[in-house]
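Trainee: I'm new to this structure and would like to learn how to read it. Could you walk me through it?

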Amino acid sequence: MKNIDDLWKSGVTRRDFVKTCVTVSAMLGLPFGMVSKVAAAARNADGRPAVIWLHFQECTGCSESLLRSSHPSVASLILDMISLDYHETLMAGSGHQAEKALNDSMAANKGKYILVVEGGIPTKDNGIYCKVAGKTALESLRTAAEGAVAIIPIGTCASYGGIQSVGPNPTGAVGVRDIIKDKPIINIPGCPPNPYNFLSTVLYYLTFKKLPDLDQLGRPTFAYGRRIHEHCERRPHFDAGRFSKAFGDPTHAEGYCLYKLGCKGPATYANCSVTRFNDGVAWPVGIGHPCIGCTEPEILFKTAIADKVQIHEPTPFDSYAPVDLKDKGKGADPLTTGVIGLAAGTAIGAGIMLAKRLPDAPEKGDDHGKTE
Amino acid sequence: MGHDEYQRYDAKILTPSFIVLLALTLIGFFLIGVRFVKGIGAVSNMSDGYPWGIWITYDVATGTAIACGGYAMAILIYIRNHMRYHPMIRSAILTSMFGYGLAGFSVMVDVGRPWNAYNFFIPSKWQANSAMFEVALCVMAYTTVLLLEFMPAILTYLEKTDWHTLQALMDRLHKYTGINRPQRMDERLESVKDLAAWLHPRLDKVLIFVIVLGITLPTMHQSSLGSLLLIASTKLHPLWHTGFLPLLFLINCMFIGYSIAILESIISCYAFRRPFELHELTGLARIIPWLTVIWLTVVIGDLAWRKQLGAALSLDFYSRFFLLEFCLVAGGSLLLFSGRKRSSIRWLFVSAALIVLGGALYRFNVYLIGFNPGKGWHYFPALAELMITVGIVAFEILGYQVLVKILPVLPRLHTRGQLDAGKA
């Protein structure tokens, strides 16, 4: 699709398009004025980077998440826009035809395409535990990575190895960053990750022609810069010491903090509590399940869901809600009260003295003069 | 309305009390300067909990009641047609003029963002449903009306003056600095005189309409001063928060007005060594107890109806202030029921003072003492805040003192036909 008019024909309304661009700008923390720039980047379909999407040891949940994100039109927009040349689940072709498309694209866009990886890569026994078109995952990844401008491992498996890398790790599964060292890698972990985090990363690249700021785990900070706990809707309950004691318990039904049920929110860096899933409607903690820490390689599948995380940096709240108040406003000070007392005393004294001096008995006729 | 009813009080202007009042005024106005340069927090203890401090409570709410002498006297003279009190009105109007003008000025000191105040003069920005707007508009209009009511005194002065002070000043300027008298100065002064003489009879013709306005406006806004606190139903103590607040404020300002007229007359006669106006004061004093009895009846009846009599007698902090206010007004009124006491200058002074104190305390109770914005909030005026109010009050007294010595304000002394003034 080369032409903006085709975009409208494909079912994306202008309203949806602008809405998406605004959402993405907001999530990237860009000023509102940048919306037009983002929109321009998204609209300028010519010269769009080719994207090659490889699937390895995965459940396709990340792709499903992206497809079933609440804006189907957005999914089609982004898939159209980025010229998705190879995606095993989505492409129409199969077999040799598909393999040819992959090879053609890699050759044609060498050094320019974005490589998206979904799923962990088995390394044991030369990676024979995952093969596509007769090539091991390891092999495919290395080949595809060579000509990629950047790699976006989507999901926790591609980022850090995921569930198949959990001990005893029979296939020796690892994330992309353990194999590819010489390419920029932007991890979008999560199980599944929020589709908007992926979308925003791609649009960021298209808008600014550079990669976003990353944290030490290779995640873009605009999405993974803060803990879930910091913006959790149940945070006031945490601060007030109100915790759900068990699933189905009245404390749970009341919506109290899920920390004691094993919520990993205080140790998990992600924006779920702000962006949420299904078009901002719901997210796990919102519907009563503790966060399982799916964006954290050290938490997901490595600690039990019911285990409590250690809160290393309890971020204390600035102040309690004003229930029991301290003294406010300025009261009396000794000097002022002294002056007032003195003045009042003088005034009353003077009044009494004046009253004493005033004539008491009524005088006959027109009175005049004062008594001295 | 004969203007021979009034006379200038012929005495030195620079007296010791003038110096003291001037000093207090200067301190007050210096602090007002500080308030405008450094902000309201630099001089006052007002807070989000107590956005209305002593300035609103005293200068506006209480000060305008004390300045209701002119209003109360106008009702008596023009509505009840007791023209024998007419000689007293000019000094009452002069104090009212200062009281109201400075109340308006205090609001300008008090508003947090005075640079937005010009919006008040743009009708499209008006919020006509606001009691505060009504008060502001009335205070401004009434100040203008009072100025018009006072104009005859100024015009009489202009008609009769020989510009003695001005001439002397120009001569002295010429002597020390060599500045020449402006050409045709005498002619111009003469034309001012002519203008005053032309304007004076014409103003007299329309003055009665101005006076009607001068009676209408305070009736409107004095009740509105009570309405302002109606909204604070959770903050004002139930002893004072009632639907009758507007009525109570209206009656309150009337008996304060008459009492202050008595006080002013006694104090100024004492200070200026003039004969006391006992006859007129006794007449005034006969009205006050009826007003206070109505007021006290409404207060008690309302408390009983709202089942707050227990709270009034509980002797807690609020109850004590309520009882003090009640006893002051009731005590002063009781004295005035006695014909013997009513014809004694001393007891007139005592009872009027008690009633003014009680009535003013009522307004303090409503605006400040019985007002509790919530747990933890405290307010007590800062010294600087207080000194601004003191400075404004000092300026009022100072202005009164000076103007009665320049303009024909005080009643003419009929019996002697001449000044009985000693050397003040």
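Mentor: Let's go through it feature by feature. This is a predicted model: local features need pLDDT of at least 70, side-chain atom pairs count only at pLDDT 80 or more, and totals for chains, interfaces and linings use all residues. Residues are numbered from 1 along each chain as its sequence is written, while chains are lettered from A and ligands numbered from 1 in the order in which they are written.

Trainee: How many helices and strands does chain A have?

Mentor: Helices (H or I, at least four residues) and strands (E, at least two) are DSSP runs, numbered from the N terminus. For chain A, that comes to 14 helices and eight strands.

Trainee: Which strands form the open sheet, and in what order?

Mentor: Strands pair if DSSP finds at least two bridges between them. In chain A, four strands line up as S2-S1-S3-S7, with parallel pairing. Strand S2 (84-87) and strand S7 (148-154) of chain A are at the edges with a single partner strand each, so one side of each has no neighbour in the sheet. On average, neighbouring strands here are turned by 15° against each other, direction ignored. Axes, by the way, are lines fitted to C-alpha atoms, for helices over the stretch in contact, and angles run from 0 to 180 degrees between N-to-C directions.

Trainee: How many bridges join S1(A) to S3(A), and how many join S1(A) to S2(A)?

Mentor: Strand S1 (residues 51-55) is joined to strand S3 (residues 113-118) of chain A by five bridges, and to S2(A) by three. On the S3(A) side, A:Val51 has A:Ile114 as its bridge partner, and A:His55 stands opposite A:Glu118. On the S2(A) side, A:Trp53 is partnered by A:His87.

Trainee: Which way do the residues of S1(A) point?

Mentor: In a regular strand the side chains alternate between the two faces of the sheet. Here A:Val51, A:Trp53 and A:His55 point one way from S1(A), and A:Ile52 and A:Leu54 the other way.

Trainee: Is S1(A) enclosed or left open by the rest of the structure?

Mentor: A residue is buried if 20 or more other C-beta atoms lie within 10 Å of its own, exposed if 12 or fewer, and partly exposed in between, with C-beta atoms placed from the backbone. Five of the five residues of S1(A) are buried, so the strand is largely enclosed by the rest of the structure. For chain A as a whole, 38% of the 372 residues count as buried.

Trainee: Which helix lies across S1, S2 and S3 of chain A?

Mentor: That's helix H6 (residues 95-108) of chain A, which runs at about 140° to S2(A).

Trainee: Where are the cis peptide bonds?

Mentor: One joins A:Gly167 and A:Pro168, with omega about 10°; A:Pro168 is in the loop between helix H8 (156-160) and strand S8 (173-174) of chain A. Another joins A:Cys191 and A:Pro192, with omega about -5°, and A:Pro192 is in the loop between S8 and helix H9 (195-208) of chain A.

Trainee: Which residues other than glycine have a positive phi?

Mentor: A:Asn126 has a phi of about 60°, and A:Ala133 has one near 55°. A:Asn126 lies in the loop between strand S4 (121-122) and strand S5 (131-132) of chain A, and is exposed, with 11 other C-beta atoms within 10 Å. A:Ala133 is in the loop between S5 and strand S6 (135-136) of chain A.

Trainee: How many residues does each chain bring to the contact?

Mentor: Two residues are in contact if their C-beta atoms, placed from the backbone, lie within 7 Å. Chain A brings 25 residues and chain B 29 residues.
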